[in-house]
Each structure stands twice: as structure tokens, then as C-alpha cells.
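Here is a short briefing on selected parts of a model. Please look at the sequence and the structure first.

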Amino acid sequence: MNEQNLDKITILLVEDDDIDAMALNRAIQKSGIPIDSIKRCIYAEDALKSLENVNPHCIFIDYQLPGNDGLTLLKEIKSLRPKTPVVVLTSQGDERLAVEMMKAGAFDYFQKSEVNAEKISKTLLGIKRLLELEIEQENTRKQLEETEQFLQKVTKSSPNIIYVNDIEGNTNLFHNEQLRELLGYTPDEVNKIGLDIFSRIIEFEEYQRIRQHYLKLRHELKDGEIAENEFKLKHKDGQDVWLFTREIAFRRNKDGKVKELLGTAIDITGRKKQEQELLEAKKAAEEAAKAKAEFLSTMSHEIRTPMNAIIGLTELLLRDYKFEEDITNNLKAIKFAADNLLVIINDILDFSKIEAGKLTFERLNFNLNEKFDFLYKTFLPKAIDQNINLYFHIDNNIPEYIIGDPYRLNQILVNLIGNAIKFTLKGEVSVSAKLTKKMKSSVIIKFDIKDTGIGIPEDKINGIFESFSQAHSNKRKNFGGTGLGLAITKKLVELQGGKISVQSQENVGSIFTVELMFGIGKKEETSDDVQTGKGKNFKNLKIIVAEDNPVNQILIKHILNKWGCEYVVCSNGHEVIKWLDKDQFSLILMDLLMPELDGIETLKIIRSSKRKYSDIPVIALTADAFAKSNPEYCNAGFQDFVTKPFKIEDLEEVVSKLQLV
């Protein structure tokens, strides 16, 4: 763009409607931005022709023009004046149209109904700043050329790399030919690439590190001092080139801070090669771990979101409605299949947490007899269905209440008992707990899970606790599973300081033995005394639900209707804020991933609002199984997390703990 006077803005308006043109003119005049002139064209052809004689700072075009459309005109303008900002006006609110306009190079896009002085002012200020930056860039380019010509003459014969960096303006002012040659570029290639050469020869992370180094030198480097550093550039062929630099203050600004540095550099690539290879290997491993975590988090969310609706709505139908027997059986089959799929998902996610060292354990009081009773009732229908006997026995010497992680113990036993029943085609499965050692404040309990099932082949028994390993191929029977269950179980036991072992004989049966240490608890401290949501009356609550998934909206509406409370369902964070501004609520149930404004950003706005609703309780409803271990989520200000898919009772218990009723 040629250098222009930007004290006043020249505008080209392409608009066939007189009323709309007058409205835009009024808004421009009231915007507070000095205007030189506004030239109006009615037809696209006239606008293109006028560009041969006038050089407007910006162009406003109507999308619907006689004989043409704004998108076509925009593309033609951009082919003639690629740097001229173009704002598209339309009477439509089509987001797809907006995307097409922005792809074609539009600076901005808004409806005519939104035209006002404030919006025009912001747009023109942005255009003015853009034009000023282009002029500054052009001026800088000219200055760089002049400086380089001078310095090239002075430094041409030097064997070392010599350069001048403007650390205040974040610009390389000069480097001699030695640097170009070292990086493998010809003079013609450098000229052709232009300033983009810097993005090719320096990686972003390295650039950030150097910027931090330079910021420190800018404030601390004294005259006469020499700063030494090492950094890497990229050769034309993609290889790393390491440089050792020595830099001094070359020029200071009016405040005395270092503005420019004069430096020399030598090639130390050979010395750094081995070190760099190790760093790259470490970086590759970190990136792989990050990609894996992101994939698992995404997978968790994408699968758990529909699973929440499937399981939740199926449970509602089974619990609240009476159907014919075949329909009821079909619903139970759907729930059984969904629960099995959820077990597989949880296996994969638990395995990932264990690998990442993010698995945590609770220290809670619980009653082992009650745990065994629950497990017996859970697995008895399956045992009956397979026509096998199921026995549970607990040693009377075990304290009534013990301290440990009941949830992880449940996970261990569910996995082992489930496997025992699955692989037992006839006979029985027995589960026992025996006290093996009692100390002053702790006990060691041995759990035996014994079956008369198909057993484990001798050549497979040593590998059954390995990841993705199964003792039996699907040729005999499609037992299913991820091959992670026993690997996870072993890790859960060992991370608690316990031991797990197996004895097995093919076609005779197996005995899995787990030994774990627990604290000795007291009845008055048991977790069973914690108030739950069972029988709780939530009618007095007024709840905002932030959930963008339509099917999950249906599920949560069913639950809240069942509670009999008042509620509002929102699809994004903006709607939540609007409702909070105009009404008073008891609680927010917040999905984390929503369009426009997600749950985290919404909560940040709420907590920092300094309004009456800034302390409102917020429960996260999330399909991300890693949410509780994410520092950003944990520090955002949620009262609790409920992971999808969730049982209605789980949500009731979490809400009840807030003691809002």
C-alpha cells in the first residue's frame, strides 16, 4: 500500500438502497472518526471502475446488489486491491455466509440492523490501525535495506557471523553473508522469501526462549558487558544449526534501556548434536504422551456424552414407567449393553490414569460386610443366569469398620468376581475375606476369589496381568473385554501396597488372591453417616442447567421434573449469565464443553463478577473422565464434579451434600 495520510478516512460505499446508505452515513458521521469523504456507488461495475481513479482507505459493500452479489464483488476487489479492508453489510444473519465472506478476505461482517455509531467506530479504528501497521512495516523494510547495505560493507570479510538485533522492536536489523551461507540459502532465495525467512529458520519455542533472554538483557546489560548464549536455527534442509553468541549493547533508547544488540556467533552444531538428539527424543516422548492424553480426554467426552443420554433415559423408563414384558426386556438389554460399553471405556481411562501417575486413593471408613452384601446382590442374578452357585464368606475377626478406599476395593473385587463368573460355565464361584494379621491401628485382609471355571493354560498364567493380554482366545468362547482388567487390578492392588497372585489349573478352576492393608475404623466415623440425596426434597431449589446436547437436555429435564423444582435450561455460557442477571437461583449444573462460551470461562465470569450471584454453587456435569485431575478445572471454583454418564442417585447425593435444602 502506498503511504497515505490517515488523519482522515476515505470510504467507498457500494449500496443500492438509499435508506440503508443514509443510515450508514449517519452512523459513520456519529462514530467520532474523522472522515475525509464517502464516495457511493450503486452498482458493482461502477465500484470496480472507480477503483481505477480513487484509493479509498476502506470499502463497505452490500451483499445484495442489483446484477451481482457481495461475495463476487469482494473477490474482485481483493484481486485488484488485496490490502484494502472490505466490510460486508447484509440484511441476513447467515453464519455460513459470514464464513464465506471471511474466507474471501472480508475485514468484518455484520447485519445492517446492527449498524450503529459504536460498531462503526470500532471497525474504523481497527481499519485505521491495520493501515498504520502496513505503513510502519513498509517503512521498516526500507530502513532494514539501508542498514543492511551499510553493514554488509563493514562485515563482509569477517569469518564470524555478525548481526544487529533490535530487541525493543523485536526485529533483526542485520546479519552478514556468513549466516546465510551457514544456513544453506542463496542470495536469490533469501530475497524471494523475504521477512518470512525468520519463521523458517527459528522455531517458536526457541524464539520464545531467546525473547526472554533479550528482555533480561534489555533491563540488566551494562555498557562494556558481554552476554553469552546458545541457540539454534534451522538449516534449509531442516537440520538444526547451533550457534554460540556473544552480544553487547549497541544502542539504547531515551530511557536508557538497551534497544539494539551487536552480536557475533560461531557454529557449535557438532558439539551440540548428541545433546540435541537426546532432547528431541525426550520431546517426542512428551508430545506422544500429550497426544495420548488429549485423545483419551476427547474419546471420553465424545463417547460419554451420548452414553449419558442412553443410560440415563433407559433408567428413567425402567424406574418410572410400566411396559409390556418384551419392551421391558428390550430396555434392560439396552442398559446392559450400555453398562458393558461403559466398563470398557472406564478400563481404558483407568489404565491411562495409572500410566500417567494420576490415580488417587481415598481414606474412608466403611463396613466390609455391607460391601460384600452389595457385591453378592449385584452378581447373584448373573450367577443364576449361568446356572452356577455363588458363595460369600467374611471372617468374623475382621473389624466391623475399616479404613481404606472402598471404591477401589470395589473395583478390584468386581473385576475379579466378574471374571470368575464369566469363565465359569458350571459349578460355583466363592468369595472370602480372611484376617491374616492384626496390628495396633491396622489389619491385613486376604481376599480369595475361587471358581470351578475353565482355568488358565500353564503357558499363559505368567502373562495374564500384562496389558492387553487375555488367557483365552475368542475361538473357544467370545468372552470379550479389553484385556486391561487384570492389569488395572494388579496396579490398583500394588499402588496400595498390597499383593495379588493366582493359582490355576486348566479345566479345573482358578484362585485369585489379594492381600491389602486397612486401617481400623470406628462406627461413628463411617461414610454411611454422610447425608445422601435419598428421600431428599428438592422442590424449593431453582436451578440453571447449562447443557448444549439436546438429548442430554431431555434427560436432565426428566430428572428435574421428577424433583419438582424450578429450572432453566441454557445451551451456552452467555445464556447462563443473562439468566443470572435477571433472576435469583440456588444452583448451576454446568457442562464444561459448550459452544460460544464454555463452562470454565462462564464460571470465571461468575466468580469474578462481584455481583450477588458470584458465590452461587456450581456443579460440573462433564463427560471428561480426567476433569477432576485437571488443575484448570479444579481451580476454577466448582463445588463438585459429576461425570457422565451418571446415575440419578449420584446427582442427588452431590446436590444434597451442598445442603441447599
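- The hairpin of β8 and β9 has 4 residues between the strands, and N170 in the turn has a positive phi of about 55 degrees.
- In β8, 6 of 6 residues are buried (under 20% relative accessible area; exposed is over 50%, partly exposed in between, with a 1.4 Å probe and protein chains only).
- I161, Y163 and N165 point one way from β8, while I162, V164 and D166 point the other way.

**Basis of the model**

- The model is predicted: local features need pLDDT of at least 70, side-chain atom pairs count only at pLDDT 80 or more, and totals for chains, interfaces and linings use all residues.
- Residues are numbered from 1 along each chain as its sequence is written, and side-chain values use heavy atoms, with hydrogens and water left out.

**F379 in helix α12**

- F379 lies in α12 (residues 368–385) and counts as buried because its relative accessibility is 10%.
- Beyond its neighbours within four places in sequence, F379 is in contact (heavy atoms within 4.5 Å) with residues including L390, V414 and I421.
- F379 and V414 are 35 residues apart in sequence, and their C-alpha atoms are 8.8 Å apart.

Conventions:
Helix = DSSP H or I, 4+ residues; strand = E, 2+ residues; numbered from the N terminus. Pairing = 2+ DSSP bridges.
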